[in-house]
Amino acid sequence: MSTALSAAAAGFGTGLSLIVAIGAQNAFVLRQGIRRDAVLAVVGICALSDAALITLGVAGVGAVVVAWPGALTAVGWIGGAFLICYGLVAARRVVRPAGVLSADGEAVGSPRRAVLTCLAMTWLNPHVYLDTVFLLGSIAADRGELRWTFGLGAVLASLCWFAALGFGARLLSRVLNRPTAWRVLDGLVAATMLVLGVSLVAGS
């Protein structure tokens, strides 16, 4: 029992270390959480997508992904272009704030658009496949029969992180109840997306 708990704890820690970083997906979830816009859907998509990718990694699909460098290159170009476009949209909001306002005075977007954007940021990022499927899968393989317990810990870490980021972000809404603060946030989001987008295109 203690061995299983150790494997699960290792999976939790490893999974957390891979997702707790400044990235396109986290920046998007944070912004949606602060706006209280389609938070449940966004958190669910991120957590379920990670669970699927971790499962593929633990099952040993990582070797297949690495064997298709052309596919990763294509995903890098598409994902990079998408992030650059999203970064430009965020930059435009800094200069010209727009959108429908909620009762709290926060801009509200389309739930459908939020879902599609979240799916794109999750599945059009080649680093997701290399880190989650290949790296995490390789580490899990070293656990032998306990690799699935390790993977379960990683899935739980993903769920806890995205739930905390999405639903906990609303605590910042009072701080960001001014247009100037939203411009600063959008500026940070724009910078993050543009840097990551350019790096993906350059590395493809």
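Author: Happy to! Keep in mind that this is a predicted model. Let's begin where helix α2 (residues 24-35) packs with helix α8 (residues 147-168): their axes lie 7 Å apart, at an angle of about 40°. Angles under 35 degrees would count as roughly parallel and 65 to 115 as roughly perpendicular, and α2 and α8 are therefore oblique to each other. On the α2 side, the contact is made by Gln25, Asn26, Val29, Leu30 and Gly33; α8 contributes Trp161, Phe162, Leu165 and Gly166. Sorted by class, the residues of this contact are five nonpolar and four polar, with no charged ones.

The spacing of such residues is worth a thought. An α-helix has 3.6 residues a turn, so residues three or four places apart point the same way. In α2, the contact residues include Gln25, Val29 and Gly33, and also Asn26 and Leu30.

Now look at α2 by itself. This helix has twelve residues and reaches 17 Å from its first C-alpha to its last, close to the 16 Å expected at 1.5 Å a residue. How enclosed is α2 by the rest of the structure? It is largely enclosed, because eleven of its twelve residues are buried. Among these buried residues are Ala24, Ala27, Phe28 and Ile34, along with Arg31, Gln32 and Arg35.

Finally, follow the chain past the end of the helix: after α2 comes Arg36, which has a positive phi, near 55°.

Notes: Residues numbered from 1 in each chain as written. Predicted model: local features only at pLDDT ≥ 70, side-chain atom pairs only at ≥ 80, totals over all residues. Heavy atoms only, no water. Axes fitted to C-alpha atoms, helices over the stretch in contact; angles between N-to-C directions. Helix = DSSP H or I, 4+ residues; strand = E, 2+ residues; numbered from the N terminus. Parallel < 35°, antiparallel > 145°, perpendicular 65-115°, else oblique. Contact = heavy atoms within 4.5 Å. Nonpolar A, V, L, I, M, F, W, Y, C, P; charged D, E, K, R; others polar. Expected span 1.5 Å × (residues − 1). Buried < 20%, exposed > 50% of the residue type's maximum accessible area, 1.4 Å probe, protein only.
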